[in-house]
Amino acid sequence: MELQTIWFFLWGLLWAIFFMTDGFDFGIGLLYPFLGKNDLEKRIMINSIGPLWNGNEVWLITAGGVTFAAFPRAYSIMFSSLYSGLMLILFALILRGVAFEFRGKVDKKSWRNIWDISIFTGSLLPALLFGIVFANIFKGLPLDRAGVFQGSFFDLLNLYGILGGLLFLFLFLFHGAVWLSIKTDGDLHERAVSTAVRIWPLLLISSVLFLVSSWFYTKLYDNFFAKPAFFLDILLTVMALFASIFFIKRKNLFRAWFSSSIIIAGSVFFGIIGLYPDMLPSNISAEFSITAHNASSSPLTLKIMLIVVIIFIPAVIAYQAWAYNLFKGKVTEKDLSYDEAY
Amino acid sequence: MDIVLLSRLQFAAATMFHFLFVPLTLGLSIMIAIMETKYARTGEKIYLSMTKFWGKIFLINFGLGIVTGITLEFQFGTNWSRYSAFVGDIFGALLAIEASAAFFLESTLIGVWIFGWQKLSPKAHAAVMWLIAGASTISAVWIIIANSWMQHPVGYILRNGRAELSDFSAVIFQKFAVLQFLHTISAAYIVSAFFVMGISAYHLLKNQSVQFFTKSFRIGLIFGLIFSVFTAIEGDMHGVHVSEVQPAKLAAMEAHWETATRAPLTLFAIPDEKNERNLIEIGAIPGLLSFLGYHDINAEVKGLKDFPREERPPVLIPLFSFRTMVGLGSMFILLTIIGWFKRNRLLQSPLYLKVMLLSIPLPYIAIEAGWVLAEVGRQPWIVHGIMKTSDAVSPLAASQVLISLIAFILVYGLLGIAGFYLIIKNAKKNPVL
């Protein structure tokens, strides 16, 4: 396989891992005002992701960094074209991160309220906007010959874009609810489980709508018909979707969470496979599209970076798995009694 | 307003705000690792309290450093897209290596350190802080290699309308990067040292937790003394290299207009850039500029007039930022030498303690001034000699950048206030022993 193709799928993989990991952090933030009925439950919710969210967020930095290194032209056009949307995401992530750190540091209700709002909006905006942005990329952006974006932020808020936003929202809500049910017991646990069960049909509907509307709004299916083996991705995703509710009903919550991760990765790869070799298709003219071939770095840089990721990405996965394992188990009131807890 | 200026202001605001937190992270992580290691080895409770007290402040600072660092990586794409497309082959690779080799490790382990007190043995917990300190340092290495490439591009060829990598080891091992890294890291240790000394001085002045803060002060003092001296000596070497590869920067920071041998150093000047002269010059020391730039009092120093007007950096800002950096740097040496003689009778030296308390902001000012000199002195180039800053901006409407700039100022302003409040609140607390 040529270097650009390897890098194209690595690019997709890093985004998929980011959504799989930080996705449940977003979900917790989204459920936060609704499931956290009192300060204790709120604290249990944020402490359920406390040791992990920071490392999860770095997958975004790496996805961005790798886009910069391997496909500089795609990086520069993607982030300048989607300027306002990306700025909103960045501000949201800043507020969310600071909120986790700051919330418990002053014992005043008004202080906590500020950070509670930050945690919710800091999770809502990225969830929706990443969905809107990626759906619009699948659909094609108004890029001219020079790669300049001929549109505005509001053009992104079209029907297909909004469907993408809703799909991401439900993916993360479900992922977060399942995570919370793993990490809690008692009343909060019951409510987390029943929330997951109630979100599932919405996730199913938004997935079906997205798959169907992709037929009408995008060219994603062309690659699938060219190589029908790729339909396995869709099949696997749908199977994971049904497996997730099956495992929830069976109270096998870790497997449900794993299935939910597969749904997210499968959904991202549905788009990534469909896009190839385009990274940012132009809807003005196909020849203006930014592709893995016309946007890539030199072979030397691609090779060096390949060595870097072959060494470091497995290492990152290994020590993050160690950290996940270290903090497995339910978050209890005892965990909250320690001085350092959020 | 002009989009180039707006984008520069936004980048300056975002970077300078981010860099309020980075130096303390770099230095305090090592000091905390030392304290925690002492605890793990001796089991003495005082070192555990020290770890926890300084650790709390460290975490607030670290959190702000992390979240403000995320925006920076994306701002190259959002606001400097032409630059990104031109240099991504080299610069992008360096940032991606930073993220995968260092940023991941520090971000994952910070959660382990915060929440791992009950899950890890004291030794393993201390080791985690050493790893955080190490990862932060490696992170700084790659970022500075990337910046050094903008200051002094090497190991590239211009091909396909962009700078492509031709020699990776030339990029990562170049002299500019080594010197700039050593200068930045040692300056960061001064920031941390004065921070620890200043807060310890506050408590010693109140005569509370004396043993605790005397120990803390001494750790800060050792760091401060070693690195104030080191930064100055190393800065001199760095200056010589800058003179060699960026002669226009040297001329600008000295408001040196006419090419001359045995060039004098002017202690203070007010430049008149339009008429290519200085309105006021005070205290010219013959030959000193030649000596500082080339270690030879008879060396020829090229004046600004010998650079084409459109390739000259602004003069006023580099001139003042250089003097601020060097002036404060000399003061740090003096203050830490005084501290060394007073180290065994700190409580009897309230005036010195007061000065040290009030000195907390000074290394911050010095280190920011140093970066202003490095970055403004590089203008009008974004990549020295090959790409101008004015050619590097994204094709955006000025209004978009104006709105985001205002948002940055508001959000960062509020975060700054909240962070500052929390750090002060925790720093003033009498530690639990």
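I count two residues as in contact if their C-beta atoms, placed from the backbone, lie within 7 Å. I note at the outset that this is a predicted model.

**Entry 1: the contact between the chains**

I looked up the contact between chain A and chain B. Chain B puts 53 residues into the contact, and chain A puts in 53 residues. I then asked which elements of chain B supply that side. Helix 3 (45-79), helix 4 (81-115), strand 2 (162-165) and helix 14 (398-428) of chain B each give at least two residues to the side that touches chain A. Helix 4 of chain B gives the most, with 22 residues. I also checked the make-up of this side of chain B. I found 31 nonpolar residues, 18 polar and four charged.

**Entry 2: chain A as a whole**

I turned to chain A. Its secondary structure comes to 13 helices and two strands. I looked up its extent next. The C-alpha trace of chain A spans about 60 × 40 × 40 Å along its principal axes. How does the radius of gyration of chain A sit against that of a compact globule? For 342 residues, a compact globule would have a radius of gyration near 20 Å; chain A has 20 Å, so the two agree. I looked at burial too. Of the 342 residues in chain A, 58% are buried. Last, I looked at contacts in chain A between residues at least 6 apart in sequence. Of these, 79% join residues at least 24 apart.

**Entry 3: helix 2 of chain B**

I picked out helix 2 of chain B, residues 22-42. I checked its span. At 1.5 Å a residue, its 21 residues should span 30 Å. Its end C-alpha atoms are 30 Å apart, which agrees. Is helix 2 of chain B mostly covered or mostly uncovered? It is mostly covered, as 16 of its 21 residues are buried. I then read on past the helix. Gly43(B) follows helix 2 of chain B, and its phi is positive, near 75°.

**Entry 4: Met387(B)**

I looked up Met387(B). It is found in strand 8 of chain B, residues 387-388. Why does Met387(B) count as partly exposed? A residue needs 20 or more other C-beta atoms within 10 Å to be buried, and is exposed with 12 or fewer. Met387(B) has 19 within 10 Å, so it is partly exposed. I listed its contacts, leaving out residues up to four places away in sequence. Met387(B) touches Tyr83(B), Phe86(B), Trp381(B), Ile382(B) and Ala392(B). I also took one separation. Met387(B) and Ser49(B) are 338 residues apart in sequence. In space they are 52 Å apart, C-alpha to C-alpha.

Technical notes. Residues numbered from 1 in each chain as written. Chains lettered and ligands numbered in written order. Predicted model: local features only at pLDDT ≥ 70, side-chain atom pairs only at ≥ 80, totals over all residues. Helix = DSSP H or I, 4+ residues; strand = E, 2+ residues; numbered from the N terminus. Nonpolar A, V, L, I, M, F, W, Y, C, P; charged D, E, K, R; others polar. Rg over C-alpha atoms; globule rule 2.2 N^0.38 Å. Expected span 1.5 Å × (residues − 1).
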